[in-house]
Amino acid sequence: MLESGQWATICEQALGAFPEECCGLLLGEASVRERVALVVPVKNRFAEPRRGFELAPDVVACALAQERRGGTAVVGVYHSHPDGTPTPSARDEREAWPGWSYLIVPVLGGACGQPRSFRREAPNRPLAEELVEVGEASPA
Ligand SMILES: [Zn+2]
């Protein structure tokens, strides 16, 4: 579940990075992993950023350290596909961490398409698609 403002942040980053892929972290509470609390854009440091993404490792290390201290947890990773297909590449499939949601944003014709999300339940399991909902935050 993404709030519409979070989706706007991701989409804006994806359009700005085009024709390269953009990437970032999805943070939330460890107990409510399907709800994103914070979107953190991260620099794509992959050598061929039009063909893949690699999160800046210092940012990931920092987020994981925060999680260990009981702060927000890393619930997933998002990245864009400038070719417009929101399906995991062979590299995406290979490098996905178990338990994290991998949100893929297709970019085509100067617009973001419907995102899809995939998650590996356990090591050595295939990525499985999960529902993506974009909506307003429910009133407290
Ligand atoms: Zn990808």
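The following legends describe close-up views of a predicted model.

**View 1. The largest nonpolar core and the elements that supply it.** The largest nonpolar core has 27 residues, and those touching the most other members are Ala14, Leu26, Tyr78 and Val105. Two or more residues of this core come from each of helix H1 (4-17), strand E2 (23-28), strand E3 (38-42), strand E4 (73-81) and strand E5 (101-108). Beyond its neighbours within four places in sequence, Ala14 makes contact with Cys22, Ser80, Val105, Val107 and Cys112.

View 2. Helix H1 is made of 14 residues, and the distance from its first C-alpha to its last is 20 Å, close to the 20 Å expected at 1.5 Å a residue. Its buried residues include Trp7, Ile10, Gln13, Ala14 and Ala17. Viewed down the helix axis, the buried residues of H1 lie within an arc of 130°, so they line one face of the helix. In general, an α-helix has 3.6 residues a turn, so residues three or four places apart point the same way. On the face of H1 turned away from the buried side are the exposed residues Ser4, Gly5 and Gly16.

View 3. Pro19 lies in the loop between H1 and E2. The peptide bond that leads from Phe18 to Pro19 is cis, and its omega is near 5°. For comparison, most peptide bonds are trans.

**View 4. Strand E4 and its pairing with E2.** Strand E4 is mostly covered, with 9 of its 9 residues buried. E2 and E4 run antiparallel and are joined by 6 bridges. Within this pairing, Gly24 stands opposite Tyr78 in E4. Tyr78 is also one of the residues that touch the most other members of the largest nonpolar core.

**View 5. Strands E4 and E5 side by side.** Of the 8 residues of E5, 6 are buried, so this strand is largely enclosed by the rest of the structure. E4 and E5 pair in the parallel sense, over 6 bridges. The chain passes from E4 through helix H3 (residues 90-95) to E5, and this β-α-β crossover is right-handed. Along the pairing, His79 stands opposite Ile104 in E5, and the bridge partner of Gly76 in E5 is Ser101.

**View 6. Strand E5 with E7.** E5 and E7 run antiparallel and are joined by 4 bridges. Ile104 stands opposite Arg116 in E7. Ile104 is also the residue of E5 that His79 stands opposite.

**View 7. The hairpin of E5 and E6.** E5 and E6 pair in the antiparallel sense over 2 bridges. Across this pairing, Val107 has Cys112 in E6 as its bridge partner. The hairpin has 2 residues between the strands, and in it Gly109 takes a positive phi near 60°.

**View 8. The surroundings of Cys112.** Cys112 belongs to strand E6 (residues 111-112). The residue counts as buried because 21 C-beta neighbours lie inside 10 Å of Cys112, where 20 or more is the criterion for a buried residue. Apart from neighbours within four places in sequence, Cys112 is in contact with Cys11, Ala14, Leu15, Val105 and Val107. Phe46 is 66 residues away from Cys112 along the chain, and the C-alpha atoms of these two residues are separated by 21 Å.

**View 9. Helix H2 and the glycine that follows.** Helix H2 (residues 57-68) has 12 residues, which at 1.5 Å a residue should span 16 Å; the end C-alpha atoms are 16 Å apart, in agreement with that expectation. H2 is followed by Gly70, which has a positive phi near 90°.

**View 10. Asn124 in the loop between E7 and E8.** Asn124 is placed in the loop between strand E7 (116-119) and strand E8 (128-130). Its phi is near 70°, a positive value in a residue other than glycine. By contrast, most residues other than glycine have a negative phi. Asn124 is exposed, because 6 other C-beta atoms lie within 10 Å, where a residue with 12 or fewer is exposed.

Technical notes: Residues are numbered from 1 along each chain as its sequence is written. This is a predicted model: local features need pLDDT of at least 70, side-chain atom pairs count only at pLDDT 80 or more; totals for chains, interfaces and linings use all residues. A nonpolar core is a set of buried Ala, Val, Leu, Ile, Met, Phe, Trp, Tyr and Cys residues joined through C-beta atoms within 7 Å. Two residues are in contact if their C-beta atoms, placed from the backbone, lie within 7 Å. The expected span of a helix is 1.5 Å times one less than its number of residues. The arc is that of the directions from the helix axis to the C-beta atoms. Two strands pair if DSSP finds at least two bridges between them. A crossover is right-handed if, with the strands pointing away from the viewer, the path from the first strand over the helix to the second runs clockwise.
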